[in-house]
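Please keep the sequence and the structure in view while reading.

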Amino acid sequence: MKERIVRAFLRILEAVPLPGLAWFCEAIMLLVYAVDRKHRRIARINLRIAFPEMGDAEGDRIIRACYRQMGTSAAEFVHLPKMDAAYIRERFRIEGAEHIQESLEGRNQPAMGMTGHFGNWELLSHVLGAQTKPVAFIVRPLKSEILDRIVTERRECVGNTVIRKGDSAKEVMKVLRKRILVGILIDQNVDRHKGILVDFFTRKAYTTFGIARLALAMNAAIHPGFIFRDPARKFHHVLRFGPPLPIDPGAPREEEVARVTRRCNEELEKVIREAPDQWMWFHRRWKTRPVGEPEIYRGLQ
């Protein structure tokens, strides 16, 4: 019964033209911005770490823009099943897809797409899968089984494959062997046993080492890939993919894992500096600290 209600509500939202739905979702998120003191504070702390020279007025502008774009992205996700080939051709441009094609087909090499919570990242895999060929990507299951099932259906509606984070390692290796691109988000905080401490803006951050270890174990390429929203045309996007990051399989393993992980962060930092209002600043990215170092987000648990 609950699932039928949720699906019926989604059908009603899908019937609303995208500009009107986006206006509604943006208005809701701006109301959230007004009352959500906790995440505004987290975002301000993060911005001070990333851009210590930035003034409060510019920081507040970026935080407000982030809330608003979350509303826009939510509206686009609701409309995902309606984004047919004609819509995608009109609103999206893909740059650098040949780099991935060269890895997968030219060199017959497994390939991963390294990305983050930047732009409308849900559209990144959808458009790439619809315009080139299906891809796979790792996700964290939603707490609600109903929502998780519905969201998964939308994520897979063009033939893409969702890989659950809990059983990702073996599944990722299986998919990589089939020469299917696997997307991995690397921009969230991890515990000490799941990552290594590498540079990210002005402070080191524990960053997942999984993508580097997989690349070395599978002789796989790592391609940076991000989706940028056009600031002048709200519903237009550019998907940008880069050549593979240099990896030395002959180097000492742990040193190379650290070096590749650091290079991933450098690529992420580069795009955030280019468009800071398109990254999700509300996550406690620098939460895990070395033993003895004070907490950064104290009082914001």
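In which helix is the place of Trp23? Trp23 lies in helix H2, which covers residues 18–35. The model is predicted, and the mean pLDDT of the protein chain is 94. Residues with a value of 70 or more make up 99% of the chain. Confidence is lowest in helix H9 (residues 168–177), with a mean of 88, and highest in strand E8 (residues 221–229), with 98.

**Surface and cores**

Trp23 has a relative accessibility of 62%, so it counts as exposed, the cut-off being over 50%. Together with Phe24 and Ile28, Trp23 forms a nonpolar surface patch with about 350 Å² of accessible area.

The largest nonpolar core has 55 residues, and Met112, Ile222, Ile272 and Trp281 have the most contacts inside it. Leaving aside residues up to four places away in sequence, Ile222 touches several others, among them Met112, Pro243 and Val260. A second, separate core of 33 residues includes Leu21, Phe92, Leu181 and Phe241.

**Salt bridges**

The whole structure contains 28 salt bridges. The table gives some of them.

| Pair | N to O distance |
|---|---|
| Glu171 and Lys174 | 3.6 Å |
| Lys204 and Asp199 | 2.7 Å |
| Glu267 and Arg263 | 3.1 Å |

Glu171 and Lys174 are 3 residues apart in helix H9, so about one helical turn separates them. Glu267 and Arg263 are 4 residues apart in helix H11 (residues 253–274), also about one turn. Glu267 is buried, at 12% relative accessible area, whereas Lys204 is partly exposed, at 39%. Elsewhere, a network of salt bridges links Glu3, Arg7, Arg149 and Glu153.

Definitions and conventions
Residues numbered from 1 in each chain as written. Predicted model: local features only at pLDDT ≥ 70, side-chain atom pairs only at ≥ 80, totals over all residues. Heavy atoms only, no water. pLDDT = per-residue confidence, 0-100. Helix = DSSP H or I, 4+ residues; strand = E, 2+ residues; numbered from the N terminus. Core = buried A, V, L, I, M, F, W, Y, C linked by side-chain atoms within 4.5 Å. Buried < 20%, exposed > 50% of the residue type's maximum accessible area, 1.4 Å probe, protein only. Contact = heavy atoms within 4.5 Å. Patch = residues over 30% accessible without salt bridge, like charges linked within 9 Å, V, L, I, M, F, W, Y side chains within 5 Å. Areas by Shrake-Rupley, 256 points an atom, 1.4 Å probe, with all protein chains shown as cover. Salt bridge = Lys/Arg side-chain N within 4 Å of Asp/Glu carboxyl O.
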